[in-house]
Structures are given as C-alpha cells and as structure tokens.
Amino acid sequence: MDSLLPRERSDPAPGAVHLPGWLSRDQQLELVVACREWAAGPVPMRAARMPNGSMMSVKTVCLGWHWQPYRYTRTADDAGGGQVAEFPDWLAELGRNAVAAAYGDPGYYAPDAALINFYDATAAMGMHQDKDERSAAPVVSLSIGDSCIFRFGNTETRNKPWTDVALESGDLFVFGGASRFAYHGVLKTHPGTGDPALGLKGRLNITLRETGLA
Ligand code: MD3
Ligand code: FE
C-alpha cells in the first residue's frame, strides 16, 4: 500500500514544486461543488475541438477567459457563444496562497483565468506546452478526485527526458520559472481511486493562469 508512505514536497525541476495533500478535504469538497456549478453554465463544460478536427477526451470549462485550442477569448465562440463566468476573488486568493506555499512568497500573482478539466475513466492529455498566455507567471494546478499519472517533461522537446509523477486528490503543483514552458501531459487516471465522500466520479484538475491579456 503506497498510500501508507508519507508523500512529501518535491521540487522535480527548477521552478516546479509538488505539494501533496495541500488542499484539505473540506476545500476539495467546496471546489467540487463550485466546479459542478461552473460546468453547468453560462458556458457548458465541453470537449474542445483540436485544429485537426479531433475532440479532446478531457472536458473543460473556463473562468475569466475562455480557452480553445489555441487562444483565449471573452466569449465561448466554440461552446454556445456565452459569456465566460467571472474569475472569483476567492480563487485568486487560493492561487496566491498556493504560490506562497511553493515559493515562500506570493509575489504579485494575479491569476485571471482558470481551466477546469474533467477526466472520465478513459480521458488523457497528450504532451504539450501551455503558451497561449502572454505572461511567464506560474501556473497553479490543483487535482481532485481520481489519481493520475502526470508526465513532466522538458522545455525543448515533447520527448525524453521526463519524470512521471502520481497526482492525487488534494495535490498542488506549481509550475513557474524555468518550468513554466515545459512539456507535460496526463497519461491516464486511476478510476475509482478518489475519495467517495467527494461525490465525484473521475478526476478534476483546476489550473490558474495569468493570461497577460486585457
Ligand atoms: C507544466 N492540465 O490544462 S495540470 C492544462 O491535469 C493541463 O489537467 C493537466 O496540462 C491536467 O494545460 C496538467 C499540470 C500542469 C498545468 C500547466 C502547466 C503542468 C504544467 C504549465 C506549464 C508547465
Ligand atoms: Fe497544460
């Protein structure tokens, strides 16, 4: 049972910090409830269409700015055209606390967009870089529900070297500095590993970003 081993802070690369179990169960529960509301609209959670016509297996809903491959807009042109939901102050505050926990100082972190990704039992995300933001500010990642295998690569290519990391419910990962533009992906989730008390079947990942857009 690897769950009996303590899971401790690790810094797998410069600027990359993993804080296992950073969210309390109550915080996770509140985020599940909030995500359920955000997923209901005004812009519905949906699988984005890739430029080649295929659909992502992950479903996404956004706050602050709407993301589709590969740009941010204020209205959800590829998902009904609605106005994207507001990015709440409490979520920005959580993001500043996350950056402070990782680096010891929140700096001037002011996230203005969140992507909420939902993974069912078969969803995965291929290796990619996040470079649609016009900001080098860190990305804060919060995982809730089923655990997954997250692949953290390098900034040069989508290939090796990489490090595979188990992300579990409540884990915080902050990607800043030299890690901000590293390739990364999600190989698979482990269905059924989430805490049943969360009332969530699958995995949620919330990323907070500074878009640098106005
Ligand atoms: C490393 N999401 O939404 S979170 C994404 O679990 C995304 O849903 C994954 O990749 C998920 O773009 C991975 C971890 C993550 C997020 C953003 C990063 C790692 C990152 C940005 C730069 C470097
Ligand atoms: Fe990403």
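**Ligand 1 and the iron site**

The side chain of N117 has an N or O atom 2.9 Å from an oxygen atom of ligand 1, a polar contact (a pair of N or O atoms within 3.5 Å). This is a predicted model: local features need pLDDT of at least 70, side-chain atom pairs count only at pLDDT 80 or more, and totals for chains, interfaces and linings use all residues. Side-chain values use heavy atoms, without hydrogens and water.

**Contacts and burial of ligand 1**
- An N or O atom in the side chain of D130 lies 2.9 Å from an oxygen atom of ligand 1.
- For the side chain of H128, the corresponding distance to an oxygen atom of ligand 1 is 3.1 Å.
- The protein buries 98% of the 490 Å² that ligand 1 exposes when taken alone (Shrake-Rupley method, 1.4 Å probe).

**Shell around ligand 1**
- Ligand 1 is surrounded by 18 residues, each with a heavy atom within 4 Å of it.
- The closest are N117, Y119, R180, H184 and R203.
- By class, the shell has 7 nonpolar, 7 polar and 4 charged residues; Gly counts as polar.
- Strand 14 gives the most to this shell, with 4 residues (strands are DSSP runs of E, at least two residues, numbered from the N terminus).

**Iron ion (ligand 2)**
- Its protein donors are H128 (NE2), D130 (OD) and H184 (NE2), at 2.0 to 2.3 Å.
- Donors here are N, O and S atoms within 2.8 Å of the metal (3.2 Å for Na, K and Ca); water is not among the atoms, so sites may look incomplete.
- The donor residues are spaced H-x1-D-x53-H in sequence.
- H128 in strand 8 and H184 in strand 13 link distant parts of the chain, 56 residues apart.

How values were computed:
Residues numbered from 1 in each chain as written. Chains lettered and ligands numbered in written order. Polar contact = N/O pair within 3.5 Å; in protein donor to acceptor, adjacent residues only side chain to side chain.
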